[in-house]
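Please walk through this chain from its overall fold to its helix packing and its pockets.

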Amino acid sequence: MFAAWLTSATLVVVWSARDASRPAAAIVVLGAAQYVGRPSPVLRARLDHAIALYKNGLAPVLVVTGGKGPRDTTSEAEASHLYAVRQGVPDTAILVESVGRTSDESMRAVANMMHTRGMRDAVLVSDPFHMLRLQVLATQNGITPYTSPTQTSPISANHELVAEYVFSESIKVPFTLLR
């Protein structure tokens with residue numbers, strides 16, 4: 001059991017350091033907290049990375065994700081959409097998935113959106129610790145994934161927080177694989 005967990009933790013760390021971005025049909029940004037319609041620093045870092053990939057021509061479409069929290073008036077995706085437009089991404093190039101409250105829910109909804117439009121591959125953008133599980137979820141939902149971790153997230157500067165997230169993901173990945 002320990003060996004399986006150690007393998008999972010090692011893979012989470014390895015995937016967190018890999019940037020496999022390449023041209024694709026879409027760039028998918030996983031949601032994070034927003035505050036009254038403004039992206040949190042973590043979400044802003046993810047968006048800035050995704051917008052840079054978009055402006056470098058990696059994909060013609062930006063997909064923003066994330067639903068509303070219990071007392072939110074705006075979804076993470078809506079806050080992301082507004083931010084991306086303000087950063088120069090055309091409104092017509094943005095797809096909004098504003099229902100998912102978990103990575104699994106968001107990836108399922110994104111897969112449906114993409115498949116309806118004939119899109120099959122995507123660059124996935126989130127924090128480094130999240131990359132392996134996102135790749136698994138995307139693959140399970142019929143998306144060919146290319147991961148591109150955000151290196152400027154405030155989480156990355158806090159080594160204790162990174163360790164907590166790596167531990168959490170190292171537990172979640174095997175369960176995700178077993179579904």
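Read along the sequence, the elements follow the order α-β-β-β-α-β-α-β-α-β-α-β-α, with six helices and seven strands in the chain. Helices (H or I, at least four residues) and strands (E, at least two) are DSSP runs, numbered from the N terminus. The radius of gyration, taken over C-alpha atoms, is 15 Å, close to the 16 Å that the globule rule gives for 179 residues, so the chain is as compact as a globular protein of that length. That rule is 2.2 Å times the number of residues to the power 0.38. Along the principal axes, the C-alpha trace spans about 50 × 35 × 30 Å.

This is a predicted model, in which local features need pLDDT of at least 70 and side-chain atom pairs count only at pLDDT 80 or more, while totals for chains, interfaces and linings use all residues. Residues are numbered from 1 along each chain as its sequence is written, and side-chain values use heavy atoms, with hydrogens and water left out.

Two packed helices are described by the angle between their axes and the distance between the axes. The axes of helix H1 (2–17) and helix H5 (residues 131–140) come within 7 Å and cross at roughly 90 degrees. That makes H1 roughly perpendicular to H5 (65 to 115 degrees). Axes here are lines fitted to C-alpha atoms, for helices over the stretch in contact, and angles run from 0 to 180 degrees between N-to-C directions. On the H1 side, Leu 11, Val 12 and Trp 15 meet Met 131, Leu 132 and Gln 135 of H5, where contact means heavy atoms within 4.5 Å. By class, this contact has five nonpolar, one polar and no charged residues. Ala, Val, Leu, Ile, Met, Phe, Trp, Tyr, Cys and Pro count as nonpolar, Asp, Glu, Lys and Arg as charged, and the others, Gly among them, as polar.

A pocket is an open set of points on a 1 Å grid over the protein atoms alone where a 1.4 Å probe fits, with protein on both sides within 12 Å along at least five of seven lines; lining residues have an atom within 4 Å of a point. The largest pocket holds about 390 Å³ of space, a volume being the space filled by probe spheres set on points joined across faces, edges and corners. Of its 22 lining residues, Gly 31, Ala 32, Arg 46, Ser 103 and His 130 lie nearest the centre. H6 gives the most to this lining, with four residues.

The second largest pocket has a volume of about 160 Å³, and H6 again supplies the largest share of the lining, four residues.

Definitions and conventions:
Angles under 35 degrees count as roughly parallel, over 145 as roughly antiparallel, 65 to 115 as roughly perpendicular and the rest as oblique.
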